[in-house]
Amino acid sequence: MKIRKVTLILLCLFSITTGFFLAVQIQTPGKVQKLYVSSKTLSDLNGNIQGELKNGENLRQRLEETQQRIDEFQNLMETDESEKLLESNRQLAEYYRQISGACALTGPGVEVIIDDSNRELYLWEDVNDLVVHDSDILLILNDLFAAGAEAVSLNGHRIVSTSAVSCGGYIVHVNGIPEAKPFRIQAIGDPATLSAAMLSPNSYGAFIKDTVRFQVTVRDEITVPAYGDGDLTRHAYMTISKEGDGKEVE
Amino acid sequence: MMVLIVIFGGLIIGLLIGFATGLAYPSEYTFYITVALLAALDSLVGAARSQLEGKFSGLVFVTGLIVNTILAAALTYLGDLLGVPIYYAAIITFGGRLFNNMAVIRRILLDRYVLKKSE
């Protein structure tokens, strides 16, 4: 049982240290609550965090923009520059009038004409395949808007966000007004992009070219009427529209 | 016997000091410290056992202590990096050895003071 004093002191000090750390460990909150997660979960969570951060950044930006506008208005109120306030509101109103279809617009664009095919039927071919349908028109309109068309009209009816193109037998209803073939779509926008969207391989335009008459013309100047204008000038349809509206509402 | 008193007395004193100071460290490190503490306890109990068996060596004790502690912490860190709970290895090894050493100590003490078989 021979043991050196130095070793004893060392052992003693070491035991004290271990005991000390044990006590500290016992006092530390949230001990041994470690969970092992797979790296997939980690990367998923990381993606979530990044997405939320981006979301927050966007919201902050919107807040900043709104704050800026509030500041602008407040500034105008304080300096009593009613003229300027009116002018800025007028500009805003002008912008909304343009995008909502409340006024006629002019600019470069394309003109698309869709008509029933005049070729003969193949053997066993259905006659419906060679007729223009509302769905054809809708898909073409969608393609135009997707390609960045700023204003679109169909046979003189402005296409707005509440517009409808629906089947009516041999005719098609546009904004609730019956229209017969040929269908003339006019779209203002970048002519190159719009015509490419109509004619490029695998586009819907290229697809229906086989069965119906489909013609795209680039124009330097196209005038798209305001919403309601086209209908008012064609009184034959106007009366039907007005009567129908009045009777069907009840 | 002296060694046993020193070790357990020291542990108790250390515990008292620790509770008196009321310290706590950031919870990120608790895991490493837990495993390192286990290694330290294992070394201490191992020292008591070898002393009772009469083959205690200060050098073996100190090197074993340092290497075991560092290895345990390193294994835990490696497990953290790989996403595999390697620290289980340290816990099982040290825990098992603790039981083992305690059993040996108990038997030696029983032999010596209860059964009176030794000198």
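User: How many helices and how many strands are there in chain A?

Analyst: In this predicted model, chain A has eight helices and eight strands, where a helix is a DSSP run of at least four residues and a strand a run of at least two.

User: How do you know which contacts in chain A join residues at least 24 apart?

Analyst: Contact requires heavy atoms within 4.5 Å, and among the contacts in chain A between residues at least 6 apart in sequence, 72% join residues at least 24 apart.

User: What is the pattern of chain B along the sequence, and which share of its residues is buried?

Analyst: Chain B reads α-α-α-α, with four helices and zero strands. Of its 119 residues, 38% are buried, that is, they fall under 20% relative accessible area. Chain B exposes about 6800 Å², and carbon and sulfur atoms supply 73% of this. For contacts in chain B with a separation of 6 or more, 76% come from residues 24 or more positions apart.

User: How do you know that α3(B) and α4(B) pack, and which residues meet?

Analyst: Two packed helices are described by the angle between their axes and the distance between the axes. For α3(B) and α4(B) the angle is about 145 degrees and the axes lie 7 Å apart. On the α3(B) side, B:Asn68, B:Ala72 and B:Thr76 meet B:Tyr87, B:Ala90, B:Phe94 and B:Arg97 of α4(B). Sorted by class, this contact has four nonpolar, two polar and one charged residues; B:Arg97 is a residue of the contact, and Arg counts as charged.

User: What makes a residue part of the lining of the largest pocket, and which elements supply that lining?

Analyst: A lining residue has an atom within 4 Å of a pocket point. The largest pocket has a volume of about 280 Å³, and of the 17 residues lining it, B:Ser43, B:Gly46, B:Ala47, B:Ser50 and B:Val60 are the closest to its centre. The elements that give two or more residues to this lining are α2 (30-53), α3 (58-82) and α4 (87-114) of chain B, and α2(B) gives the largest share, seven residues.

User: Why is Gly placed with the polar residues here, and how does the lining divide?

Analyst: Gly is among the polar residues because the classification used here counts it there. On that basis the lining of the largest pocket divides into five nonpolar, seven polar and five charged residues.

Notes:
Residues are numbered from 1 along each chain as its sequence is written. Chains are lettered from A and ligands numbered from 1 in the order in which they are written. This is a predicted model: local features need pLDDT of at least 70, side-chain atom pairs count only at pLDDT 80 or more; totals for chains, interfaces and linings use all residues. Side-chain values use heavy atoms; hydrogens and water are left out. On a 1 Å grid over the protein atoms alone, a cavity is a set of points where a 1.4 Å probe fits but cannot get out, and a pocket is an open set with protein on both sides within 12 Å along at least five of seven lines; lining residues have an atom within 4 Å of a point. Grid points are joined across faces, edges and corners, and a volume is the space filled by probe spheres set on the points. Axes are lines fitted to C-alpha atoms, for helices over the stretch in contact, and angles run from 0 to 180 degrees between N-to-C directions. Buried means under 20% relative accessible area, exposed over 50%, partly exposed in between (1.4 Å probe, protein chains only). Accessible areas come from the Shrake-Rupley method with a 1.4 Å probe; for residues, only the protein chains shown count as cover.
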